[in-house]
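Colleague: I am new to reading models like this one, so please pick a single part, the sheet and what surrounds it, and walk me through it closely.

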Amino acid sequence: MSLAFVQKHAKPLKKITILGATGSIGRSTEAVIDGAPGVFEVVAVANGSDALGLARVARVLGAKFAAIADPAAYAELKAALAGSGIEAAAGPEALKQAACMESDLVVGAIAGAAGVEPTFAAIEAGRDVALANKECLVCAGEPFMRKARELGVRVLPMDSEHNAIFQALGGESADRIEKMWLTASGGPFREWSAERIAAATPEQALIHPNWAMGPKVTVDSASLMNKGLELIEAMHIFGIEANRLDVLVHPQSIVHGLVSFADGAVTAGMAVPDMKTPIAHCLGWPDRVTTRVRRLDLAQIGALTFEKPDFARFPALRVAMDALAAGGAMPTILNAANEVMVAAFLDKLIGFNEIASRVEAICELFEREGAHRAPPDVASALGVDHIVRERARASLEGLSR
Ligand code: NAD
Ligand code: MG
């Protein structure tokens, strides 16, 4: 075969932008892209405040544009990119600019509601999005997905449970689903007594048995709040109501999601717990990308076990399910309050159980005040998010480590 023939018939490179490029998902995305030479071209990378980390990933992946949210980090980013030809920019507008650049897929991997504006900018610019950032959908799911539908933008689920369900659906429409289960590992405290959990430290909450992730999602996994946020995420991604959604605790983290149909059939998505698999699935979709992820050896694992979640020891899951059932602005309020309380727990201002109890108290406060009307657009959702954060922070005033 001549070189000219190969070049003429070679597939064009798929253009990717990574928001949250220096985080846990960002680094796994880098590894998938790095492991599949000649498949992807990275257009832009963006992150929060780690200038050196962003400059490194921009250089390694050959990005053209690097945007950092923190304006104070601009000089360091610019200096670290000197001579590379990669353009540096800083601030919220720079993040949106990165999100809107011409690309085939934007990876949404910023942690927390900080990801809402840049990820939504990508949607508004008509870019397909691979979404790891579940808080986008918990904070502003309805207007977020409505805009995606209006513009024909595809939102591919990168969160492992939703990705497994997307694959288990095999192209069937979600309205055929009788029931959907997301699995949870149960986190580091699955077998702990209520007394031990109450005294858990940030160091203990940050040791996850099966997944290596950023700090916020790791604490959410220990409280099971993560699974509650993921139920809300599933409702928006798949357009399924709360009463058809459920959770199974599955300590081996091999089956990530299951769906059942009217004929009694159940299909499940399985893989070893490594985010590179759902990331590769989203990056490659509708094709498959080869990864070096460890292959699943069921005979070696031997037994897969499932149990119901224990709401008494893990009340955060119930608090989140209540917010899901209440609807309106409750998921937005839940998400903002939870982000503030997780940060307070990591700062050792509050105990582990106080995350759930304080989040619930804030949800009840806003419900009593009648401020739970569904935000009609993303800007209104962010407005609610802002007010809730202020109230949540005010409730912590006077506490010290
Ligand atoms: P992380 O804390 O490791 O990384 C977060 C990234 O977001 C970093 O690049 C950081 O610089 C960036 N960031 C933080 N604040 C920012 C801001 N204000 N503006 C722009 N960028 C900002 O988090 P992670 O574990 O990679 O998780 C990212 C998202 O993916 C979260 O929503 C999480 O729930 C979700 N998720 C993570 C995993 C996982 O295995 N890590 C699995 C499923 C879903
Ligand atoms: Mg998940």
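Modeller: Happy to! Strand β8 (residues 177–184) runs parallel to β9, and the two are joined over 5 bridges; strands count as paired if DSSP finds at least two bridges between them. Strands (E, at least two residues) and helices (H or I, at least four) are DSSP runs, numbered from the N terminus. One bridge to look for joins Leu182 to its partner Val247 in β9.

Before we go on, this is a predicted model, in which local features need pLDDT of at least 70 and side-chain atom pairs count only at pLDDT 80 or more, while totals for chains, interfaces and linings use all residues. Residues are numbered from 1 along each chain as its sequence is written, chains are lettered from A and ligands numbered from 1 in the order written, and side-chain values use heavy atoms, leaving out hydrogens and water.

Now step back to the open sheet, which has 4 strands in the order β9-β8-β10-β11, with mixed pairing. Its edges are β9 (245–249) and β11 (266–270), each pairing on one side only. Ignoring direction, neighbouring strands are turned by 20 degrees against each other on average. Helix α8 packs on this sheet, touching β8, β10 (255–261) and β11, and its direction makes about 40 degrees with that of β10. Contact here means heavy atoms within 4.5 Å; axes are lines fitted to C-alpha atoms, for helices over the stretch in contact, and angles run from 0 to 180 degrees between N-to-C directions.

The magnesium ion (ligand 2) is held by Asp159 (OD), Glu161 (OE) and Glu230 (OE), at 2.1 to 2.2 Å. Glu161 in helix α8 (residues 160–169) and Glu230 in helix α12 (residues 225–238) are 69 residues apart, linking distant parts of the chain. Donors are N, O and S atoms within 2.8 Å of the metal (3.2 Å for Na, K and Ca), and sites may look incomplete because water is not among the atoms. Glu161 is buried at 6% relative accessible area, and Glu230 is buried too, at 1%. Buried means under 20%, exposed over 50%, and partly exposed in between (1.4 Å probe, protein chains only).

Ser223 is buried at 6% relative accessible area. Beyond residues up to four places away in sequence, Ser223 touches Phe314, Ala316, Leu317 and Phe352.
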